[in-house]
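Please open the structure in your viewer and keep the selection tool at hand.

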Amino acid sequence: NVGILIRLRADSHCHIKNEDDQWQIKEHFLTPLGSVVKRLPEHIQVDDPDVLKKLAKKLERQQIPRRLDYGYKVSLFSHLLQYSRKAPLTQQLSIPSAVIHPAIVRLGLQYSQGIVAGSNARSIALLHAFKQVISDYTTPSNEELSRDLVNKLKPYISFLNQCRPLSASMGNAIKYIKKEISNIPSQFKEDDAKKKLLNCIECFIEEKIVLAAKAIAKSSIEKINDGDVILVYGCSSLVNHILCEAFEKGRKFRVIVVDSRPRLEGREALRRLVQKGISCTYVLISAVSYILPEVSKVFLGAHALLANGYVMSRVGTSQIALVAKAFNVPVLVCCETYKFCERVQTDSFVSNELDDPDDLIVTRKGETQLKDWQQVPRLGLLNLVYDVTPPDFVDLVITDLGMIPCTSVPVVLRVKNVDLL
Amino acid sequence: MELQAVLMAAGGGSRMTDLTYNTPKPMLPVGNKPLMWYPLNLLERVGFEEVIVITTREVHKMMSTDPKTKLDIKMKLDVVCIQEDGDMGTADALRHIHQKVKTDILVVSCDLITDVALHEVVDLFRAHNATVAMLMSKAHEFTETVPGQKGKKKTAEQRDFVGVDQSGKRLLFMANEADLEDGLIVRRSIIRKHPRMHIKTGLVDAHLYCLKKAVVDFLAENKSISSIRGELVPFLVRKQFSKMTSGQKRMDDTETVDQKNDGLTNDDLFFPSRDEALLQLAQERSCWNDHRGDMSEAYHGGKLRCYVHIMDQGLCYRVNTLSAYIEANRMVSHMWFCHRSAHFVVHPLLMLHFVFHPQMGSDSMIGAGCHVADKTSIKRSTIGISTTVKEKVKVTNSIIMHGVTIEEGCNIQGSVICSNAVIGRGADLKYCLVGNGQRIEPEGDTYSNTKKSILLEVSVTFGLV
């Protein structure tokens, strides 16, 4: 269940340093992109006891409590983690948290309770918390800021990962920060170094999120004509921003908001659009083939864009793209470049996130049918969060670098990697 | 550092003067431990390492010198002494320690006995960036007969009206019956934002508050607020819904009950966290809202938020009346059975005369250094340190404090015997409260069906009530 990996020179070995700075013998894997693939992340190998043992040891070393699995998992997804919102990680932490910075504890709580949801919001909140951490940081004697601060951030990242698996955008933001910290020259004084880092974070947010949104809005307005009927799915901060901007610029269009259980995020998107004055229609995803003949364009947001051109987004997006293709309606995906990910995936099973199964329990007319679902043997409640859409269903990707077809994503990634080096 | 703990141990115990006229309330023994041990133990269990204790000099002396009231707390206690006769409210005490407060604080009262999972309250405080988060519990009826009460009539307790929103977490309205002479008035601004409000009256306020540091700073400037429970929290709850800027016309606020603090607007009380602009950006992009049905953003754009966690299971007692004190003694022995670090119910230093093993119920607690003779029967009672119980004594449902001597043949039922009292031979006490250092004459029959007696300072002779 690994995906596309081309294994060349199978009998060659090479010594590679892994992220814990320990020498390890690994076989050298080459992908079509020519970069080295690290080992599989632990959160998609939950059914492997060795991996779990290693994870437990790592968490113990970092003094982070481990969150326990909850409920019966559907067998096809038993390699993924499933948590309950009623058992937060803070239950196992001491109250004035000494090991983890309070801003990070607050952030982890907000992630696990869903108060901060959505790829952009999570990244901005993460960077905000990191700014607090950096401001409160003091270099211990005999240590260098560039190395010690990175080590300090590692347990925090594990903690956040335990609260909710990190998104691709968060992963890229963390990579950027770690690179900036490691590049601090050693002769910098602590205050200057901290100021530089805070500045870098602000620049990142300004360039990659705020200005990117403006650029994407500018490009998309060209694609929105008067009299258009635009279909959106769920609540994507970027798509909402684009539509509000277009409305302000005077385009005449109406929006159809498609929503799905159990998150029902479309209600929030509906609220924001109606507040602006855009006329909206609201349907559930089961009605999408009924409403599609009226639609002229579909705008979708993305959680991440994978290296083989697949779009990873909220579960249900691939459904919408499929039906839109069947009706010959153009599908446009809006995504900032910082969400581009080097991962490769062709299906939604390998790597996904399982949300709290109790979210599916609903009370209608005083009756809660699934109240005792745990008592029923072999009954699993599946609450998937993401799915991947193949590039054949996507007509255009609007990014801050311009409008590109889905298959050009690896090019952008290669250009970005050259930049980072 | 995230939270600093503050323990308020200077209260007088004005509602149980029979017990507190000699022993200050924080040092009253409950289950053979001083009352203030319980909140300190709660704080220690969740991981606090230091506590600021605000108390009187008398209590401080008792804490450190009295061997019987030994506190085996491993945390560092930073004791701040205040005048006992001064009319200092809890908010005044916070103002007094304003310099020591460096972060958000967790204020606990010394008379709180609870086994709440404290992370529930603190999580509300953290996750929603709340200004105040408090703990409340469903009140239980006290079933034990209380010495000194005529019949089952309860003293007219002032009810508290607490209004929460639909999720049961956000605090919308809080008022005491004493302040509502004309009836309960709910502002239109509250109803507009939260059309469904649940008003509860049967709740006990545990007096456990998480407050932002900015609230303490605010208290330092506004010297008119003197009590957290009575004035500060209702004030903050009201301020959640006041207008954003002072310029706007106050159309809805014509029904405001309390005018003296309304010069301050929501803006003055807006306690900005670090980097507010970035937080705002994150919140704008998040697809989460705490309510639905209207056009406003999460939290209705309000920056001041008050949250409450209402416990419906588990223990939560505030020992500020005699009936609560007796109930707490009863419950504490149950708690200790479930507690992992079990204490000896029968202390190892207990000396028993092993001719006939005295009958001891498993729900009794006996302190250290006791002498219990044989042929005694002790059921559902708590016996303090260094007490002597002679033969043929029957003790049921009672609380016996430290250093008491009970001569032979006594029959004690449903009573509270304070420290260093002497119960003479053959005395028969039912539902009585014997004060400190009193002597009950032998053959004293202070039993009466209809009148429950309290014996205080004046020396007692036979039959005097």
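Is Phe253(A) buried or exposed? Phe253(A) is buried, with a relative accessible area of 7%; here buried means under 20% relative accessible area, exposed over 50%, and partly exposed in between, with a 1.4 Å probe and protein chains only.

The model is predicted, so local features need pLDDT of at least 70 and side-chain atom pairs count only at pLDDT 80 or more, while totals for chains, interfaces and linings use all residues. Residues are numbered from 1 along each chain as its sequence is written, chains are lettered from A and ligands numbered from 1 in the order in which they are written, and side-chain values use heavy atoms, with hydrogens and water left out.

**Aromatic pairs in chain A**

A pair of aromatic rings is described by the distance of the centres and the angle of the planes. Rings of Phe, Tyr and Trp (its six-membered ring) pair if their centres lie within 6.5 Å; planes under 30 degrees apart count as stacked, over 60 as edge-to-face and the rest as tilted. By this rule there are eight aromatic pairs over all chains.

Select Phe204(A) and Tyr338(A), an edge-to-face pair with 6.0 Å from centre to centre and 90° between the planes. This pair links distant parts of the chain, 134 residues apart: Phe204(A) belongs to helix H6 (residues 190-223) of chain A, and Tyr338(A) to the loop between strand E9 (331-334) and strand E10 (363-364) of chain A. Helices (H or I, at least four residues) and strands (E, at least two) are DSSP runs, numbered from the N terminus. Phe204(A) counts as buried at 5% relative accessibility, and Tyr338(A) is buried with a relative accessible area of 3%.

Phe247(A) counts as partly exposed at 29% relative accessibility.

**Charges over rings**

Next, select Arg122(A) and Tyr111(A). The charged end of Arg122(A) sits over the ring of Tyr111(A), 5.4 Å from its centre; the rule asks for NZ of Lys or CZ of Arg within 6 Å of the ring centre and within 35 degrees of the ring normal. In chain B, Lys33(B) lies over the face of Trp37(B), at 4.9 Å from the ring centre.

**Backbone details**

Most residues other than glycine have a negative phi, and most peptide bonds are trans. Select Arg261(A) and Pro262(A), which are joined by a cis peptide bond with omega of about -5°. Pro262(A) is in the loop between strand E4 (253-259) and helix H8 (266-276) of chain A.

Asn142(A) is not a glycine, yet has a positive phi of about 65°. Asn142(A) is located in the loop between helix H3 (119-136) and helix H4 (145-163) of chain A, and counts as exposed at 80% relative accessibility. Then select His300(B), whose phi is also positive, near 55°. His300(B) lies in the loop between helix H9 (276-285) and E13 of chain B, and is buried with a relative accessible area of 12%.

**Strand E13 of chain B**

Select residues 306-311 of chain B, which form strand E13; six of its six residues are buried. In a regular strand the side chains alternate between the two faces of the sheet. Here Cys306(B), Val308(B) and Ile310(B) point one way from E13(B), and Tyr307(B), His309(B) and Met311(B) the other way. The bridge partner of Leu135(B) in E13(B) is His309(B).

**The nonpolar cores**

Which residues touch the most other members of the largest nonpolar core? Leu19(B) and Met36(B) do, in a core of 67 residues; such a core is a set of buried Ala, Val, Leu, Ile, Met, Phe, Trp, Tyr and Cys residues joined through side-chain atoms within 4.5 Å. A second, separate core of 50 residues includes Ile64(A), Ile134(A), Tyr156(A) and Leu278(B).

Definitions and conventions
Two strands pair if DSSP finds at least two bridges between them.
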